[in-house]
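Here's a quick briefing to read alongside the model. It goes through charge pairs, packing, surface and helix geometry in turn.

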Amino acid sequence: MKRYRNAMAFAAMIVLLLVLLVMNLCIGSSSVPVSDVWLALTGRATDATVANVVLQLRLPRALAAIVLGGALALSGYLLQTFFHNPIAGPFILGISSGAKLTVAIAMVFALSRSMVVNSATLMAASFVGAMAAMGLVLLLSTVVKRMSVLIIGGVMIGYLCSAVTEFIITFAADEQIARLHTWSVGSFSGIDMTDVLVMTIVVALTFVGVLMLSKPISAFRMGETYASSVGVNVKAFRALLVLLSSILAATVTAFAGPVSFVGVAVPHLVRSLLGSSEPRRVIPACFLGGAAFCLLCDLLARTMFAPTELSISTVTAVFGAPVVLWILVRRQKGRDAA
């Protein structure tokens, strides 16, 4: 029965993902029929303008939402596993904000010297910031034992990094501000197929690494003592969790800026849908769920108040914040019942 439920859940997520992908390619400031989208994708488009809109603008953006949305959900899942806390995530713990700060510094430095900022530079800067923020959270965890206080500490680190980033943006040159502002509030716009290729390679390799940790994750969820008793090198395992989650969060921030609540909300929604917490099932489901979630949010961000476009974090917060509140209420009810 559980296998049937899991199979149905995966099928539903795949269908939803495909439907949302088609909708993202068809819907926008100018609607494109599905038939014309198919002709553009197969290289048989008769209208050059339609082909350009589909292939150069909408397709890279939709693929970026899929790859980066899945990466965010996976990063959140790894952090929740690491901290044994249901509301741990790259945005809440300040990891995304740390990556945002270092990328902003790199962009201002490069743009002020008329240098081209390539994907490798952005990802390197983002990874440094993500690891620095994660390091501060881990350092705080050696002093603070209460998880609620540690989460608050992560939020404060995030606010501090965001404040410094806004300070940098405020004093950036006029020609730099537009690009920095668009990126700093979170957006999948401006991404091309070269960027998609780079992020796909990084996320795919990291995804394989996460899948290979399925058994250790399953043991670690039972407690560090149990994990050690079944042969898991807990110290190395925890380091891998930090590394993989930081790579995923850094990749997202480098290309799309900080995107909120996806890493917290999606893993819980996926576990509820599957009715299972088994890592071998939850890990791929998290990726599919995060991809579909970000496709939906990006579609709404582009179309709800067109031609004005909302930041992606604005929409993800609308859907993600209630999930976090639901998690907190459910946990409190569980404690009261106990």
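Arg 238 comes out as partly exposed, because its relative accessible area of 25% falls between the 20% and 50% cut-offs. Keep in mind that this is a predicted model. Arg 238 has a charged partner, Glu 224, and their side chains meet in a salt bridge at 3.0 Å, N to O.

**Salt bridges**

- In general, side chains of opposite charge can pair when their charged atoms come close.
- The total here is six salt bridges.
- The Glu 224–Arg 238 pair links distant parts of the chain, with Glu 224 in helix α10 (residues 224-229) and Arg 238 in helix α11 (residues 234-256), 14 residues apart.
- Glu 224 is also partly exposed, since its relative accessibility is 36%.
- Asp 298 pairs with Arg 61, and their closest N and O atoms sit 2.9 Å apart.
- That one also links distant parts of the chain: Asp 298 belongs to helix α13 (residues 279-303) and Arg 61 to helix α3 (residues 48-83), 237 residues apart.
- Are Asp 298 and Arg 61 buried or exposed? Both of them are buried.
- Arg 281 and Glu 278 make another salt bridge, with 2.2 Å between the closest N and O atoms.
- Arg 281 is partly exposed at 22% relative accessible area, and Glu 278 is partly exposed at 26%.
- Shared partners also tie salt bridges together, joining Arg 61, Asp 298 and Glu 309 into one network.

**Nonpolar core**

- As a rule, nonpolar side chains in soluble globular proteins tend to be buried together.
- The largest nonpolar core in this model has 106 residues, and those touching the most other members are Leu 68, Leu 74, Leu 78, Phe 83, Leu 93, Ile 217 and Leu 295.
- Helix α3 supplies the largest share of this core, at 18 residues.
- What does Leu 74 touch, not counting residues up to four places away in sequence? Its partners are Phe 207, Val 210, Leu 248, Ile 283, Cys 286 and Phe 287.

**A buried threonine**

- Thr 165 lies in helix α6 (residues 147-170).
- With a relative accessibility of 0%, Thr 165 counts as buried, because the cut-off is under 20%.
- Leaving out neighbours within four places in sequence, Thr 165 is in contact with Lys 100, Leu 101 and Ala 104.

**Surface**

- Val 15, Val 19, Met 23 and Ile 27 make a nonpolar surface patch of about 290 Å².
- One of these, Val 19, is part of helix α1 (residues 2-26) and is partly exposed at 42% relative accessible area.
- Lys 235, in helix α11, counts as exposed because its relative accessibility is 74%, where the cut-off is over 50%.

**Helix α13**

- Does the length of α13 agree with what its residue count predicts, or disagree? At 1.5 Å a residue, its 25 residues should span 36 Å, and the end C-alpha atoms are 35 Å apart, so the two values agree.
- α13 is mostly covered, with 19 of its 25 residues buried.

How values were computed
Residues are numbered from 1 along each chain as its sequence is written. This is a predicted model: local features need pLDDT of at least 70, side-chain atom pairs count only at pLDDT 80 or more; totals for chains, interfaces and linings use all residues. Side-chain values use heavy atoms; hydrogens and water are left out. A salt bridge is a side-chain nitrogen of Lys or Arg within 4 Å of a carboxyl oxygen of Asp or Glu. Helices (H or I, at least four residues) and strands (E, at least two) are DSSP runs, numbered from the N terminus. Buried means under 20% relative accessible area, exposed over 50%, partly exposed in between (1.4 Å probe, protein chains only). A nonpolar core is a set of buried Ala, Val, Leu, Ile, Met, Phe, Trp, Tyr and Cys residues joined through side-chain atoms within 4.5 Å. Contact means heavy atoms within 4.5 Å. Patches are made of residues with over 30% relative accessible area and no salt bridge: like charges are joined within 9 Å, nonpolar side chains (Val, Leu, Ile, Met, Phe, Trp, Tyr) within 5 Å. Accessible areas come from the Shrake-Rupley method with a 1.4 Å probe; for residues, only the protein chains shown count as cover. The expected span of a helix is 1.5 Å times one less than its number of residues.
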